[in-house]
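Hi everyone, thanks for coming. Today I'd like to walk you through one structure, a bit at a time. Please have a look at it first.

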Amino acid sequence: MAFYGVGLDVAVKKLNFEFRMALKKKGGIGIRSLATLFRQMDANKNKKLDVVEFEAALNGAGLFPKKVEVQALMTYYDLDGDGNITYEEFLRGVREPLNERREKIIQKVYELIDRDKSGKINIADIEKIYSVDKSKDFIEGKKTKKEILEEFLNNFEGAKGNKDGVITKEEFFDYYTDISMSIPNDDYFIGVIESAWMISECEDTASYETQLSGLTAEVVGKLKSIAQPLDEKMIVKLFREINKSKTGYITVEELANMISRLGISAERKLLTGIFKKFDMNLSGTIEFEEFVSFLTGKPIKKQLQLDHDIP
């Protein structure tokens with residue numbers, strides 16, 4: 001039995017739902033594995049598959065539609081009538097869109113990374129918020145910082161990814177849409193994102209500001225206590241101790257690591273908030289002058305030189 005018109009629309013929606021439910025059981029990796037299979041089958045990289053390739057990829061992902069159902073999908077997603085399926089459109093049909101709450105926090109994460117609003121994320125964007133210092137491969141000298149950052153970025157590559165170290169907004173959202181499929185509870189999903197990216201869903205609430213103010217005071221108090229006397233040499237030493245990567249600026253990961261070493265218990269969702277207190281010019285990093293100014297309470301100026309010769 002062939003499907004046409006309204007019947008085709010109904011049949012495809014039904015199949016998409018069945019595929020979605022089957023892939024959900026495999027977690028977010030299910031649909032991403034399917035996307036990978038599609039990409040591997042796409043020998044000429046034109047984002048299309050013929051019926052044999054398409055069915056083989058579905059089977060490889062554990063999906064076994066009937067021949068007539070495969071044909072219905074081919075007809076529906078053959079956008080230009082050349083007999084091939086446009087698999088990116090198929091994946092969009094199978095994905096369960098992010099609901100409004102989930103979409104908002106992923107948008108917040110994206111804006112945190114894409115500070116120059118270019119619509120793309122590259123190594124220059126990610127190195128400000130992702131530290132490689134704890135990577136075993138980096139510590140043992142097996143991989144360079146650049147290689148590790150490229151691998152991190154490549155995790156977000158979707159069906160049309162080319163492993164070029166550049167992530168588009170669409171790829172970023174597709175990644176979290178896939179992850180979202182395996183997490184039915186909104187609060188749990190939000191908690192995962194808050195912890196992973198050290199942001200809060202509720203940054204504009206009084207409760208958040210109260211928590212942040214208390215944490216900020218505790219962190220600054222402990223930093224000052226270990227930098228006594230609070231003079232040039234001690235501030236330089238303290239900055240260098242936090243800036244393990246020796247870049248000349250502190251990332252949010254480095255600040256988080258220091259807070260942990262200070263023995264301060266802090267929810268990860270508060271860490272970007274305290275970071276912003278230091279990052280007065282909103283560059284995405286804590287520069288040396290900003291660090292000095294926040295600790296001393298003096299206006300930002302070239303107060304000290306980071307390359308100060310410490311005996």
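Let's begin with a definition: two rings of Phe, Tyr or Trp, taking the six-membered ring of Trp, count as an aromatic pair if their centres lie within 6.5 Å, and the pair is stacked if the planes are under 30 degrees apart. Please keep in mind that what you see is a predicted model.

So, how many aromatic pairs does a search of the whole structure find? The search gives 21 aromatic pairs. One of them is formed by Phe38 and Phe54, with 5.8 Å centre to centre and 25° between the planes, and it is stacked. Phe38 sits in helix α2, residues 28–41, while Phe54 sits in helix α3, residues 51–60, so this pair ties together parts that are 16 residues apart in sequence.

Phe278 belongs to helix α15, residues 271–278, and Phe291 to helix α16, residues 288–296, so parts 13 residues apart in sequence are tied together by the pair. Both Phe278 and Phe291 are buried.

Rings can also join up in a group. Ring pairs link Tyr110, Phe152, Phe156, Phe172, Phe173, Tyr175, Tyr176 and Trp197 into a cluster. Let's stay with Phe172 for a moment. Not counting residues up to four places away in sequence, Phe172 touches Ile106, Val109, Tyr110, Ile113, Ile121, Phe156, Ile167 and Trp197. Phe172 is also among the residues with the most contacts inside the largest nonpolar core, which has 58 residues; Ile106, Ile126, Trp197, Leu223 and Phe291 are the others named there.

Now, how do two helices pack? Take α14, residues 252–261, and α15: their axes are 10 Å apart and the angle is about 110°. Angles of 65 to 115 degrees count as roughly perpendicular, and α14 and α15 are therefore roughly perpendicular to each other. On the α14 side, Val252, Leu255, Ala256 and Ile259 meet Leu271, Thr272, Ile274, Phe275 and Phe278 of α15. By class, this contact has eight nonpolar residues, one polar residue and no charged residues.

Let's move on to the loops. Between α11 (186–197) and α12 (206–226) there is a loop that holds Ser200. Ser200 has a relative accessible area of 2%, so Ser200 is buried. Leaving aside neighbours within four places in sequence, Ser200 is in contact with Lys108, Glu194, Tyr208 and Lys269. Met198 is in the loop between α11 and α12 as well.

I'll finish with some backbone details. Most residues other than glycine have a negative phi, and most peptide bonds are trans. Met198 is not a glycine, yet its phi is positive, about 55°. Leu282, in the loop between α15 and β6 (286–287), also has a positive phi of about 55° without being a glycine. Met198 is buried at 1% relative accessibility, whereas Leu282 is exposed at 58%.

And which peptide bond is cis? The bond from Gln228 to Pro229 is cis, with omega near -10°. You can find Pro229 in the loop between α12 and α13 (232–242).

Note on methods. Residues are numbered from 1 along each chain as its sequence is written. This is a predicted model: local features need pLDDT of at least 70, side-chain atom pairs count only at pLDDT 80 or more; totals for chains, interfaces and linings use all residues. Side-chain values use heavy atoms; hydrogens and water are left out. Rings of Phe, Tyr and Trp (its six-membered ring) pair if their centres lie within 6.5 Å; planes under 30 degrees apart count as stacked, over 60 as edge-to-face and the rest as tilted. Helices (H or I, at least four residues) and strands (E, at least two) are DSSP runs, numbered from the N terminus. Buried means under 20% relative accessible area, exposed over 50%, partly exposed in between (1.4 Å probe, protein chains only). Axes are lines fitted to C-alpha atoms, for helices over the stretch in contact, and angles run from 0 to 180 degrees between N-to-C directions. Angles under 35 degrees count as roughly parallel, over 145 as roughly antiparallel, 65 to 115 as roughly perpendicular and the rest as oblique. Contact means heavy atoms within 4.5 Å. Ala, Val, Leu, Ile, Met, Phe, Trp, Tyr, Cys and Pro count as nonpolar, Asp, Glu, Lys and Arg as charged, and the others, Gly among them, as polar. A nonpolar core is a set of buried Ala, Val, Leu, Ile, Met, Phe, Trp, Tyr and Cys residues joined through side-chain atoms within 4.5 Å.
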